[in-house]
Amino acid sequence: MPDDRDARLAELHRLRRGDILYPGNSGCAGARGSGGGAPSPCQGEVTAAAMKHYHGPKRPHHTRIFLCDLHARLEAAEPLTDADRAELTRRRAKAAYWAEVSARQRAAHGMTSW
Ligand SMILES: [Zn+2]
């Protein structure tokens, strides 16, 4: 069997490097360092997808992650399938919905920005 411990270590290193921090993102799941500040989601155009396995303290699960050219090198990335494109569209719609709700809430509270 493959050495699970090594896989977990590699996973940890990846997380520490801040590379794949946004598995549920509607764009690239990778993070982009911001000059020593907190990492933020990568804005790269999605060109690939990968199935990511989480062992973690919670129940193990798989998540389909999307990656740009740069971050695709870090994962066993595959070309986007039709199902991937549909999933991306679904995530983007969801993200747009929540951005809209949040903007309305800010407006209702008389806040123009955070
Ligand atoms: Zn990226």
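Which residues does Cys28 touch, not counting residues up to four places away in sequence? In the structure described here, which is a predicted model, Cys28 touches Pro41, Cys42, Gly44, Val46, Phe66, Leu67, Cys68 and His71 under that condition, two residues being in contact if their C-beta atoms, placed from the backbone, lie within 7 Å. Residues are numbered from 1 along each chain as its sequence is written. Because the model is predicted, local features need pLDDT of at least 70 and side-chain atom pairs count only at pLDDT 80 or more, whereas totals for chains, interfaces and linings use all residues.

The pLDDT, the predictor's confidence in each residue on a scale from 0 to 100, averages 81 over the protein, and 79% of the residues score at least 70. Confidence is lowest in helix H1 (residues 4–17), with a mean of 61, and highest in strand E5, at 94. Where pLDDT is low, the predicted coordinates should not be read in detail.

The secondary structure comprises 3 helices and 5 strands; helices (H or I, at least four residues) and strands (E, at least two) are DSSP runs, numbered from the N terminus. Along the sequence, these elements follow the pattern α-β-β-β-β-α-β-α. Among contacts between residues at least 6 apart in sequence, 45% join residues at least 24 apart.

An open sheet is formed by 3 strands in the order E4-E3-E5, with antiparallel pairing. Strands E4 and E5 (78–79) stand at the edges, each with a single partner strand, so one side of each is left without a neighbour in the sheet. Pairing of two strands requires that DSSP find at least two bridges between them. The antiparallel strands E3 and E4 are joined by 8 bridges, and Val46 stands opposite Cys68 in E4. Between E3 and E5, also antiparallel, there are 2 bridges, and Ala49 stands opposite Glu78 in E5.

Buried residues make up 16% of the 114 residues in the protein. A residue is termed buried if 20 or more other C-beta atoms lie within 10 Å of its own, exposed if 12 or fewer, and partly exposed in between, with C-beta atoms placed from the backbone. In soluble globular proteins, nonpolar side chains tend to be buried together.

Thr63 lies in strand E4 and is exposed, because 12 other C-beta atoms lie within 10 Å. Not counting residues up to four places away in sequence, Thr63 touches Pro23, Gly24, Lys52 and Tyr54. Thr63 and His53 are 10 residues apart in sequence and 6.7 Å apart in space, C-alpha to C-alpha. Ile20, in the loop between H1 and strand E1 (31–34), is buried, with 22 other C-beta atoms within 10 Å. Ile20 and Lys52 are separated by 32 residues in sequence and by 9.9 Å in space, C-alpha to C-alpha. Asp4 lies in helix H1 and is exposed, with 10 other C-beta atoms within 10 Å.

Helix H3 (residues 82–108) has 27 residues, which at 1.5 Å a residue should span 39 Å; its end C-alpha atoms are 39 Å apart, in agreement. The expected span is taken as 1.5 Å times one less than the number of residues in the helix. H3 is hardly covered, the count of buried residues among its 27 residues being 0. The helix is followed by Gly110, whose phi is positive, near 70°.
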